Amino acid sequence: VAVDGDVLVEEKAPVACDGPHKAEFVGGWRAPEATYPDVEEDSGPVDEVYDGCRGRIAAYTEVPDDGDVRFRAGTIVDWMSRQDWDAGDRAFRCYLWLGEDEEVTGSLKGAGPDELPVRTE
């Protein structure tokens with residue numbers, strides 16, 4: 001994953017699990033039937049999407065699904081278009097992100113709290 005100065009994803013490229021990487025696909029989170037969570041208009045539904053993806057990160061890595069997940073890893077969400085939403089696609093693709101200065105070689109699936117500690121700095 002390459003990000004710009006504002007931490008917006010510029011590029012995602014697939015790599016082997018045993019190759020160096022800063023992000024990892026953790027699964028999909030299906031939004032409830034509701035209005036389209038537009039990042040430009042309403043933060044409430046957008047927060048729900050990020051919380052849902054943090055839950056996927058917690059389940060995938062086997063860390064507690066609590067308020068500390070955001071301090072263990074960043075969250076990248078693939079957002080579908082409004083057209084896809086209207087066609088019934090409610091599954092957001094969720095990725096954990098380690099940050100610009102960290103990478104792993106190997107999957108973080110089941111890694112647990114020792115591999116993904118709470119970071120406050």
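**Briefing: pocket, disulfide and confidence**

Strand S4 gives the largest share of the lining of the largest pocket, three residues, where strands are DSSP runs of E of at least two residues and helices runs of H or I of at least four, numbered from the N terminus. This is a predicted model, in which local features need pLDDT of at least 70 and side-chain atom pairs count only at pLDDT 80 or more, while totals for chains, interfaces and linings use all residues. Residues are numbered from 1 along each chain as its sequence is written, and side-chain values use heavy atoms, with hydrogens and water left out.

**Largest pocket**
- The largest pocket has a volume of about 340 Å³, and of its 16 lining residues Ala13, Pro14, Val15, Ala23 and Glu24 are the closest to its centre.
- Strand S3 (20-21) and strand S4 (23-30) each supply at least two residues of this lining.

**Disulfide**
- The structure holds one disulfide, a term for a pair of cysteine sulfur atoms within 2.5 Å, and here the sulfur atoms of Cys53 and Cys94 are 2.0 Å apart.
- Cys53 lies in helix H1 (residues 43-61) and Cys94 in strand S6 (residues 91-97), so the pair ties together parts that are 41 residues apart in sequence.
- The link of Cys53 and Cys94 is left-handed, with -60 degrees about the S-S bond.

**Confidence**
- The chain has a mean pLDDT of 86, with 88% of its residues at 70 or more, pLDDT being the predictor's confidence in each residue, from 0 to 100.
- Confidence is lowest in strand S1 (residues 2-3), at a mean of 57, and highest in helix H3 (residues 112-115), at 95.
- Where pLDDT is low, the predicted coordinates should not be read in detail.

Key:
1 Å grid on protein atoms, 1.4 Å probe; cavity = no way out; pocket = protein on both sides within 12 Å on 5 of 7 lines; lining within 4 Å. Points joined across faces, edges and corners; volume = space filled by probe spheres on them.
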